[in-house]
Amino acid sequence: MPTAFITGITGQDGSYLAELLLSKGYTVYGLIRRSSTFNTARISHLYQDPHDADYRLRLVYGDMTDGARLHALLAEIKPDEIYNLAAQAHVKVSFETPESTGDIDALGVTRLLESVREVCPKARFYQAGSSEMFGSSPAPQNEDTPMLPRSPYAIAKLYAHHMTRNYREAYGMYAVSGILFNHESPRRGATFVTRKITRAVAAIKAGAQDKLYLGNLDARRDWGFAPEYVEGMWRMLQAATPRDYVLATGEVHSVREFAQRAFARAGLDWQKHIEIDPRYLRPTEVDVLQGDAARAEHDLDWKAATRFEQLVDLMVDADLHAQQHGRGEFEAVGRHF
Ligand code: NAP
Ligand code: F7E
């Protein structure tokens, strides 16, 4: 069975991808960072004792800023597939930390690609590209839409996107960049707007909180369900020819609409609880992202299934459940979500 190497395995997407690949029989190596607190809550339900007979989830320490370590790991593991999901993934934070965001999200990819070229050039490489790269380009956006990034995060991702293409064209490597629109789940990080809203709804419903402070309610996004998007990543690496693909639902909603639906799901009036705090505004905003995933549907038979209302409801329900049972940020979700 194949061996995969996942960077960013402790993140939302990494945890779903690890589940998917393990269920297909892969041996999965996951890169984790040393941290003074546990950062493995999203994959704790997948943990295996190294002495297990079927020990297929193997966690290894490293960092995207440490090229020597990445090189040594690839030389040792010799993976068949590499999924580069590690990133400083928060757009607003990237305005405060542009240099380290570039180091991890842009140069980190070059470190990895160089090592792949040197030690395992036949490995198939997936780069986690982002719809943020389109920035201010008019919607709907597809693979041919010009990219006009509007944040240090998006600019770093665009560098990585072009590097991935360049390694494919210059060295004939199977390297692809998935241009993924926003995808969410009960495992979404708590400071991204969807999860920030659904966690607040649960806390307000329980009487533990009264107000939710947000930034731009007019921003519009194309929100899909994360487990379906990691399936798309896998399909990109199984195709006969390496190509870059957009993954999106094609449906667009505002932050306001997300909040309205989320509060209503819990029987609450959003207008009584939401206040605007300018600290959550971005120096340059991306107003509307709406993807056209026709190429992925045609070539990969991939199509987003979960619609906006279902997504909001399942995220609210998971956070209400977690709140009621006094569970931690990701404990309530386990294998189910
Ligand atoms: P996430 O939940 O924020 O996870 C990010 C992962 O990267 C975590 O495992 C994190 O480790 C790891 N990481 C951060 N800095 C690192 C470093 N210096 N070295 C090694 N690992 C590092 O993000 P996500 O939502 O799963 O997104 C996965 C990828 O897809 C990211 O590259 C993101 O930019 C991209 N993307 C996401 C979306 C989306 O809507 N979710 C859309 C388009 C593209 P810790 O747990 O230790 O922090
Ligand atoms: O913001 C607005 C904010 O932080 C969505 C990442 O996964 O998707 C994500 O980036 C919108 C923006 O995600 C708050 O201004 C309002 O317009 O949830 P977000 P994002 O910036 O779209 C892309 C595709 C990625 O690649 C990224 O890695 O919501 N907004 N009020 C707010 N956003 C946040 N975070 N917090 C607020 O209070």
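Q: In this predicted model, what does glutamate 132 form with arginine 221, and how far apart are the closest N and O atoms?
A: Glutamate 132 and arginine 221 form a salt bridge, with the closest N and O atoms 3.6 Å apart.

Q: Where do the two residues of that pair sit in the chain?
A: In distant parts of it: glutamate 132 is in the loop between β5 (124-130) and α5 (152-171), while arginine 221 belongs to strand β9 (residues 220-221). They are 89 residues apart.

Q: Glutamate 132 and arginine 221, buried or exposed?
A: Glutamate 132 is buried, and arginine 221 is buried too.

Q: How many salt bridges does the structure hold?
A: It holds 20.

Q: Which residue does aspartate 218 meet in a salt bridge?
A: Arginine 256, at 2.8 Å from N to O. This pair also links distant parts of the chain, with aspartate 218 in the loop between β8 and β9 and arginine 256 in helix α8, 38 residues apart.

Q: How accessible is arginine 256?
A: Its relative accessibility is 29%, so arginine 256 counts as partly exposed.

Q: And what about aspartate 103, which residue is its salt-bridge partner?
A: Arginine 111, with the closest N and O atoms 2.6 Å apart. Aspartate 103 is partly exposed at a relative accessible area of 26%, and arginine 111 is partly exposed at 21%.

Q: Which residues are linked in a network of salt bridges?
A: Arg261, Arg265, Asp313 and Asp317.

Q: Back to α8. Which of its residues are buried?
A: Helix α8 spans residues 255-265, and its buried residues are Val255, Phe258, Ala259, Ala262 and Phe263.

Q: Why do they count as being on the same side of α8?
A: Because they cover an arc of only 120° around the axis, which puts them on the same side of the helix.

Q: What covers them?
A: The cover includes α6 (193-205), β8 (212-214), β12 (253-254), β13 (274-276) and α10 (308-324).

Q: What does the backbone do just after α8, at glycine 267?
A: Glycine 267 takes a positive phi there, about 75°.

Q: Which residues other than glycine have a positive phi? Start with lysine 78.
A: Lysine 78 has phi near 45° and is not a glycine. Its place is the loop between α2 (67-77) and β4 (81-84). With 47% relative accessibility, lysine 78 counts as partly exposed.

Q: And aspartate 301, what is its phi?
A: Positive, about 55°, although aspartate 301 is not a glycine. This residue is in the loop between α9 (294-300) and α10. Aspartate 301 is exposed, with a relative accessible area of 62%.

Q: Peptide bonds next. Is the one from alanine 139 to proline 140 cis or trans?
A: It is cis, with omega near -5°. Proline 140 lies in the loop between β5 and α5.

Q: Switching to helix packing. At what angle do α4 and α5 pack?
A: Helix α4 (residues 98-119) packs with α5 at about 10°, and the axes are 8 Å apart. That angle makes α4 roughly parallel to α5.

Q: Left-handed or right-handed crossing?
A: The crossing of α4 and α5 is right-handed.

Q: Which residues make the contact?
A: On α4 they include Pro98, Thr101, Gly102, Asp105, Leu113 and Arg117. On α5, among them are Pro152, Tyr153, Ala156, Met163, Tyr167 and Tyr171.

How values were computed:
Residues are numbered from 1 along each chain as its sequence is written. Chains are lettered from A and ligands numbered from 1 in the order in which they are written. This is a predicted model: local features need pLDDT of at least 70, side-chain atom pairs count only at pLDDT 80 or more; totals for chains, interfaces and linings use all residues. Side-chain values use heavy atoms; hydrogens and water are left out. Buried means under 20% relative accessible area, exposed over 50%, partly exposed in between (1.4 Å probe, protein chains only). Helices (H or I, at least four residues) and strands (E, at least two) are DSSP runs, numbered from the N terminus. The arc is that of the directions from the helix axis to the C-beta atoms. Contact means heavy atoms within 4.5 Å. A salt bridge is a side-chain nitrogen of Lys or Arg within 4 Å of a carboxyl oxygen of Asp or Glu. Axes are lines fitted to C-alpha atoms, for helices over the stretch in contact, and angles run from 0 to 180 degrees between N-to-C directions. Angles under 35 degrees count as roughly parallel, over 145 as roughly antiparallel, 65 to 115 as roughly perpendicular and the rest as oblique. A crossing is left-handed if the near helix is turned anticlockwise from the far one by less than a right angle, and right-handed if clockwise.
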